[in-house]
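Subject: Structure for you to look at

Dear colleague,

I am passing on the structure below, and after it you will find some notes on what turned up when I went through it. Please read them with the model open beside you.

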Amino acid sequence: MKDLSDFQLTPGLADALTASLDPSYLEYFAAACSGKSTKEAERRIAAIPEEKRYFTRVLDSLDSAFADFDTETAMLDLPHIQNRKPEAIKRYLEFRLRQFKMLLDAVEDYVEGKYPATDGHS
């Protein structure tokens with residue numbers, strides 16, 4: 001991320017940045033955006049307990065959202081949703097799909113870089 005303007009305003013962003021995101025992450029982004037060293041923030045991020053990590057929150061949220069997921073139940077709800085239009089729901093899900101794909105790509109790149117394939121040998 002080169003600039004804080006890379007953040008897109010999405011539901012839950014304010015809460016995520018202020019209430020549930022460790023200040024060390026914000027310190028890292030501020031340093032990176034200003035061209036300062038991020039080493040101290042990276043050291044603090046490394047010390048964050050697993051249960052307070054950003055990635056843990058993301059994985060736990062996905063688990064909560066999809067633990068009992070099925071399309072039939074979703075389709076039973078869709079005609080009765082009153083606060084959101086179906087087109088808005090579709091756009092929202094498409095946006096989240098793009099975000100999920102970006103996260104998956106980043107994790108895939110990390111895994112491939114750190115744990116290269118062993119040509120069938122484990």
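**Salt bridges along the helices**

Glu40 and Arg44 are joined through their side chains by a salt bridge, at 3.3 Å from N to O, where a salt bridge is a side-chain nitrogen of Lys or Arg within 4 Å of a carboxyl oxygen of Asp or Glu. This is a predicted model, in which local features need pLDDT of at least 70 and side-chain atom pairs count only at pLDDT 80 or more, while totals for chains, interfaces and linings use all residues. Residues are numbered from 1 along each chain as its sequence is written, and side-chain values use heavy atoms, with hydrogens and water left out.

Both Glu40 and Arg44 belong to helix α3 (residues 39-46), four residues apart, which is about one turn of the helix; helices (H or I, at least four residues) and strands (E, at least two) are DSSP runs, numbered from the N terminus. The structure holds five salt bridges, and another of them links Lys101 with Asp105, whose closest N and O atoms are 2.6 Å apart. Lys101 and Asp105 are likewise found four residues apart, about one turn, in helix α6. Through salt bridges that share partners, Glu27, Glu40, Arg43 and Arg44 are joined into one network.

As for the overall make-up, the protein has six helices and zero strands. Of its 122 residues, 14% count as buried, meaning under 20% relative accessible area, with exposed over 50% and partly exposed in between (1.4 Å probe, protein chains only).

**The nonpolar patch and the aromatic pair**

A nonpolar surface patch of about 1,100 Å² includes Phe66, Phe69 and Leu104 among its residues; such patches are made of residues with over 30% relative accessible area and no salt bridge, like charges being joined within 9 Å and nonpolar side chains (Val, Leu, Ile, Met, Phe, Trp, Tyr) within 5 Å. The accessible areas come from the Shrake-Rupley method with a 1.4 Å probe, and for residues only the protein chains shown count as cover. Helices α4 (54-66) and α6 (86-114) each supply at least two residues of this patch. Leu104, which lies in helix α6, is partly exposed at a relative accessible area of 44%.

The search of the whole structure finds two aromatic pairs, where rings of Phe, Tyr and Trp (its six-membered ring) pair if their centres lie within 6.5 Å, with planes under 30 degrees apart counted as stacked, over 60 as edge-to-face and the rest as tilted. One of them joins Phe66 and Phe69 edge-to-face, at 5.5 Å centre to centre and 65° between the planes.
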